[in-house]
Amino acid sequence: MKNKKELLRTIKFALFSISAGIIEIVLFTLLSELTNFNYWVCYLVALIASVIWNFTLNREYTFKSTANVPIAMFKVFIFYLMFTPISTILGNYLVETLHWNEYLVTGINMVANFILEYLYDKYIVFKGKIDTKERKRK
């Protein structure tokens with residue numbers, strides 16, 4: 001039963017992350033194709049929009065958490081204080097200096113973000129507060 005519940009949780013996280021990824025790639029594409037912004041500006045704006053979307057849905061439906069929203073969001077902010085500079089600087093270097101395809105680099109960043117954020121959310125952001133929304137209703 002517990003394994004089934006965790007599998008379902010992982011699937012929900014993946015689906016919400018895909019929706020956030022769609023938001024990120026659409027916004028990134030619009031900014032890349034319609035403006036003269038550098039890679040890092042397009043990436044950063046798109047990343048922030050997808051993070052807010054993803055956090056909101058995963059807190060409510062994946063982790064079903066009653067965790068304090070400002071505290072949980074602050075923990076996510078701490079994650080992105082580390083992830084964002086690394087992925088932005090590395091991504092910008094790969095695109096601007098090594099001339100990698102910007103969509104390939106963005107895709108690599110999205111996969112890394114998916115894996116790392118799931119683990120971080122489960123074991124740090126919502127630790128001890130997973131499925132508390134369900135228990136509170138009963």
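Predicted model: local features only at pLDDT ≥ 70, side-chain atom pairs only at ≥ 80, totals over all residues.
Residues are numbered from 1 along each chain as its sequence is written, and side-chain values use heavy atoms, with hydrogens and water left out.

Let's look at that lining by name: L44, L47, I48, V51, I52, M73, V76, F77, Y80, L81 and T84. A pocket is an open set of points on a 1 Å grid over the protein atoms alone, where a 1.4 Å probe fits, with protein on both sides within 12 Å along at least five of seven lines; lining residues have an atom within 4 Å of a point. The largest pocket has a volume of about 230 Å³, meaning the space filled by probe spheres set on points joined across faces, edges and corners. Helices α2 (39-62) and α3 (69-97) each supply at least two lining residues, and α3 gives the most, with six; helices are DSSP runs (H or I, at least four residues), numbered from the N terminus.

Now turn to the second largest pocket, which holds about 200 Å³ of space. Of its 14 lining residues, S17, A20, G21, M110 and F114 are the closest to its centre. Two or more lining residues come from each of α1 (2-34), α2 and α4 (102-125), with α1 giving the most, six residues. This lining divides into seven nonpolar, five polar and two charged residues.

Notes:
Nonpolar A, V, L, I, M, F, W, Y, C, P; charged D, E, K, R; others polar.
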